[in-house]
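My notes are below, in the order I looked things up.

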Amino acid sequence: MSSSTKGQPQAELAATPAERRLVWLATVTMWVGGAGLALLLLGIPAVLVVGGVLPYERLLEGFLSPATRTILVTSMALGGVAILAGFTRFRRMPTKGSRERAIAGAVLGIQALAVALIVLAFQNLGEPDPFFRNFLNFEVLQGYGSTFLRAVMNTVILAFAGEAGGVILGLVLAVLLLSKRRVVRAPARAYVNFFRGTPLIWQLSIFYFGFSFGLGIQFSAFTAAIIVFILNTGAYAAEVFRAGIQSIERGQLEAARSLGMSYSQAMMNAIIPQAVTRVIPPLMNEFVILIKDTSLVVVLGLFAENYELYTWAREGYSSSANASFFVAAAAGYLAVTLPLIGAVNAVERRLRSGLVGVTAK
Amino acid sequence: MTQPVARLEGIHKWFGENHVLKGIDLEVHPQEVLVIVGPSGSGKSTLLRTLNLLEEPSEGRVWFGDTELTDVRTNLNEVRTHMGIVFQAFNLFPHKTALQNITMALRKVLKLSEEEALARAREELRHVGLGEKADAYPGRLSGGQQQRVAIARALAMRPRVMLFDEVTSALDPELIQEVLDVMQRLAEEGMTMVVVTHEMGFAREVGSRLIFLDEGVIVEEGKPRQVFANPTSERTRKFLGRVLVM
């Protein structure tokens, strides 16, 4: 048949009954592997939620129940079947699509098997009770709803203020870093190197305690944190902008200058607008990092109304001796960062495809 | 004789160890089309870019009319508004439309009003035959169209001299002629032009004076037809023998 396949669409390759059976098998393999994994990822949380989340004993009961056990065993069986079917048959698959489905089924099967084994081990060899009591004991969070929301807000405020101020500072520093005059470059370089070369937690402490005790300038820990985040982000953003500006072709500056624009006019109108679109993804990545770094203000001793997520969790932990607060904090961080990470990836994809269309002919 | 538009006096240029220009004296006269030819690496582009000081000479003086550009006290930005330059790589601003590419300097440098700038930009786009492409971004234009926008952008400043730096070298062969046609029309309108080019046909038909540059030295100078017909130096003869397959 190979002699007659040249130039034929792939669907027609699976022409014989045996080949059609293989294609069908590949599809089934993929669904079996997928079902094994889906059953675990959706089924176990469903059993837990239906059984009740509060108090944690109900959750634990659900986790140790026959239903969960059945799900685990079923998933492992489905995963095993998919692995066997996929790996033994994928080489014989007559079309590219069926081959890929067979492999996908086997990989999903491995994932289902692995997850099920870990859960099973935890269920039988581990200590589910103390784990559930300390980490998934959401009863202790009751009454903390409004402080949690405020902590999320404060985290966002700290990160957003730091990023906004830092971007402006960074743009100014980047222009200084790119000066042809060493006397202009040197102090900017020293600043950037210092803030990139010392730990943020050290900067927070020195700034807050140093200024208030050393100089007698009083400000709240929250204000101090915002200022330090601006100073620190400025240093990182400066390097991002510098690289972005340097990535603009030399001819752009020459074209602007040859039209009689001054260096700063050329920068403002021709170079920086192009650089800004290029640096949006790295700046957004910096922002995600800053959101997580806001947790470092825990060393400053904030007032209760200024608690950000991490401080909130630690205070909750020390008053209740229960780590479920940290689990809640993780949910808070992810609620803010995951959409941002998704946005960065979307912007990057668009810039990658868009820029090619704009700059190249 | 009338005063030259631009003048180079004893220009030397080193790039590190590389001695690119070795004592160039040159005058650009009003309304002439001065064509600079020579093998690659001979210093043609560097010479042209020295005229508006995009390239700073290591030695020697550059004049524009009565103004010495190599004097640090000279306001280069002001002088450059009188000298248009068009580059091999077009160098249009990709984030601006064809029209905005032209109005930017009109607004920011010449401080024209919005209406004046727009009117002048549209006029120059029509001048290069691209009136209908005003709102297109450079990425949507062909190389030849981009280069014509670049010419319009330079012309909109109403320069006294236009410099062309191998403006057709980055173009697909079928797009070269449309750019050369625009340049020829400019020459016929009496624009003073300095043209670095590999287009020998254009040099011969449109050029009023030709300079042959080799290894940083002006080897030969004269009317293009004369030089092409009877090159006096051996180096010119060899170069023309290689490029003139006509």
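This is a predicted model: local features need pLDDT of at least 70, side-chain atom pairs count only at pLDDT 80 or more; totals for chains, interfaces and linings use all residues.

**Helix H5(B)**

I started with H5 of chain B, residues 143–155. Its 13 residues reach 18 Å from first C-alpha to last, close to the 18 Å expected at 1.5 Å a residue. Then I checked burial: 13 of the 13 residues of H5(B) are buried, so this helix is largely enclosed by the rest of the structure.

**Helix H4(B)**

Next came H4 of chain B, residues 114–127. With 14 residues, H4(B) reaches 20 Å from end to end by C-alpha, close to the 20 Å expected. Which residues of H4(B) are buried? I found Ala117(B), Arg120(B), Ala121(B), Glu124(B) and Leu125(B). They cover an arc of only 135° around the axis, so they lie on the same side of H4(B).

I turned H4(B) around and found exposed Glu115(B) and Arg126(B) on the face away from its buried side. What covers the buried residues of H4(B)? The cover includes helix H3 (98–108) and H5 of chain B. After H4(B) comes Gly129(B), and I noted its positive phi, near 75°.

**Core**

The largest nonpolar core has 98 residues. I looked up which members touch the most others and got Leu125(B), Ile151(B), Met162(B), Phe164(B), Met183(B), Met193(B) and Val194(B). Helix H6 of chain B, residues 173–188, gives the most to this core, with eight residues.

Leaving aside neighbours within four places in sequence, I see Met183(B) in contact with Ile151(B), Phe164(B), Val167(B), Met193(B), Val195(B) and Phe202(B). Apart from this core lies another, of 36 residues, with Leu141(A), Tyr208(A), Ala225(A) and Met284(A) among them.

**Where the chains meet**

Last, I checked the interface. Chain B puts 31 residues into the contact and chain A puts in 22. Between them the two chains bury about 2,100 Å², with 56% of it on carbon and sulfur atoms. On the chain B side, Asn77(B), Phe93(B) and Pro94(B) lose the most area to chain A, together 23% of what that side buries.

How many salt bridges are there between chain B and chain A? I count one. Arg49(B) forms a salt bridge with Glu254(A), and their closest N and O atoms are 2.6 Å apart.

Notes: Residues are numbered from 1 along each chain as its sequence is written. Chains are lettered from A and ligands numbered from 1 in the order in which they are written. Side-chain values use heavy atoms; hydrogens and water are left out. Helices (H or I, at least four residues) and strands (E, at least two) are DSSP runs, numbered from the N terminus. The expected span of a helix is 1.5 Å times one less than its number of residues. Buried means under 20% relative accessible area, exposed over 50%, partly exposed in between (1.4 Å probe, protein chains only). The arc is that of the directions from the helix axis to the C-beta atoms. Contact means heavy atoms within 4.5 Å. A nonpolar core is a set of buried Ala, Val, Leu, Ile, Met, Phe, Trp, Tyr and Cys residues joined through side-chain atoms within 4.5 Å. Buried area is the accessible area (1.4 Å probe) that two parts lose on being put together, summed over both. A salt bridge is a side-chain nitrogen of Lys or Arg within 4 Å of a carboxyl oxygen of Asp or Glu.
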